[in-house]
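Here's a quick briefing to read alongside the model. Have the viewer open and follow along.

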Amino acid sequence: MASRILSTLHYVCSSSASATKRCLGLYSHWQRSISGIAASVVADVEPSIAPVQIDQSQLLIDGKFVDAASGKTFPTFDPRTGDVIANVAEGDAEDVNRAVHAARKAFDEGPWPKMTAYERSRIILRFADLLEKHNDEVAAIETWDSGKTYEQAANVEIPMVVRLFRYYAGWADKIHGLTVPADGPYHVQTLHEPIGVAGQIVPWNFPLLIFSWKVAPALACGNTVVMKTAEQTPLSALYVSKLFLEAGLPPGVLNVISGFGPTAGAALCSHMDVDKLAFTGSTSTGKRVLELSAHSNLKPVTLELGGKSPFIVCKDADVDAAVEASHFALFFNQGQCCCAGSRTFVHESIYGEFVEKAKARALKRVVGDPFKNGVEQGPQINAK
């Protein structure tokens, strides 16, 4: 074989007995090593106190933070300890309907789609400024709720969110139509218009970053939004939505529903007054989103689904550099990334060297409380 494929804790090799035995031996050694790491980390960790308070746990509907119609709440947990961070309003079909109604009214009758693109741009830019001002608080909420390291959230992800909103704010007044040559005495032109109410569903691994990917372009184009957050990580979207209102976003333009997929998510996908869906998550749920769209008003759907991403190391590669790059590709964000380099193909001539160095690098990875400096990996988002 010209190459072999390895993943973090599993090797797929040829069917020969000797190769299989070698794979099982490596797999067993990895298991023992990782188990040792986990045990030592659990024994040493003393969780630090999150440097932020949770003040917002209600739904955002029509410019106001309100309880769920049912009065229900659900807990969101600290993945370090399993302790409850906050009890969040549990939105369901009735709340989704209220939010969609508010978004539809804001689109049909409100100022947002009718104001100049420049004015929309200014509001989005004001929001970006506020988000930058509150960088540390937002990063702390993101770390506390999701388990990602504070250094990653504060120094990488929140600045990326700020930059992304500024990018789309810049696009707001640069979306141009075209004039088209035509035979005869005719004038033909294209005109780009907002689609209407955008339903959006985000996952738990990058709660705020993917929130920005969906919300920023939709708002820049003049649409209104109903966002459903992941039930594991609902807090950061609620916090920054408050900043959006402070920036001058009109009521009903952005609505945020926290809740569960089979109730709130399904209601959003099935709603007859939602004009467009955007979903990031698992392939199985993506199929369900498409199905619900087809069974309702056949609204267009944009899907971003998970996959297995190959990392290929050729025989002339710098092995040390390849090991570090593949380590980052696999372990970034606790490995909770839909494009993680979860399959590493290594040329057989350097396979042994690569495996030993990759193992040594993994053993040096610093696992612990994500709020502490120098920690490379915090807890997974949940026990599963």
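Predicted model: local features only at pLDDT ≥ 70, side-chain atom pairs only at ≥ 80, totals over all residues.

Numbering starts from 1 along each chain as its sequence is written, and side-chain values use heavy atoms, with hydrogens and water left out.

**Overall picture**

- The chain holds eleven helices and 15 strands; these are DSSP runs numbered from the N terminus (helices H or I, at least four residues; strands E, at least two).
- Of its 384 residues, 47% count as buried, where buried is under 20% relative accessible area, exposed is over 50% and partly exposed is in between (1.4 Å probe, protein chains only).
- Among contacts (heavy atoms within 4.5 Å) with a separation of 6 or more, 74% come from residues 24 or more positions apart.

**Nonpolar cores and a surface patch**

- A nonpolar core here is a set of buried Ala, Val, Leu, Ile, Met, Phe, Trp, Tyr and Cys residues joined through side-chain atoms within 4.5 Å.
- The largest one has 59 residues, and Leu131, Phe165, Phe211, Val215 and Leu219 have the most contacts inside it.
- Helix 6 gives the most to this core, with nine residues.
- Leaving aside neighbours within four places in sequence, Phe165 touches residues including Ile124, Phe127, Phe211, Val215 and Phe244.
- A second, separate core has 23 residues, among them Leu59, Ala89, Leu268 and Cys269.
- On the surface, Leu178, Val180, Tyr186 and Val188 make a nonpolar patch with about 390 Å² of accessible area together; such patches take residues with over 30% relative accessible area and no salt bridge, joining like charges within 9 Å and nonpolar side chains (Val, Leu, Ile, Met, Phe, Trp, Tyr) within 5 Å.
- Val180 sits in strand 7 (residues 178-180) and is partly exposed, at 37% relative accessibility.

**Strands**

- Strand 14 (residues 310-313) pairs with strand 15 in the parallel sense over four bridges; pairing takes at least two bridges found by DSSP.
- Phe311 stands opposite Thr344 in that pairing.
- Phe65, in strand 4 (residues 64-66), has its C-alpha 9.1 Å from that of Leu238, although they are 173 residues apart along the chain.

**Salt bridges**

- The whole structure has 18 salt bridges, each a side-chain nitrogen of Lys or Arg within 4 Å of a carboxyl oxygen of Asp or Glu.
- Glu291 and Arg288 form one, with the closest N and O atoms 3.1 Å apart; being three residues apart in helix 9 (residues 283-295), they are separated by about one helical turn.
- Glu324 and Arg361 meet at 3.0 Å, N to O; Glu324 lies in helix 10 (residues 319-331) and Arg361 in helix 11 (residues 351-363), so the pair ties together parts 37 residues apart in sequence.
- Arg361 counts as buried at 15% relative accessibility, whereas Glu324 is partly exposed at 39%.
- Arg104, Asp108, Asp273 and Asp275 are linked in a salt-bridge network.

Technical notes. Areas by Shrake-Rupley, 256 points an atom, 1.4 Å probe, with all protein chains shown as cover.
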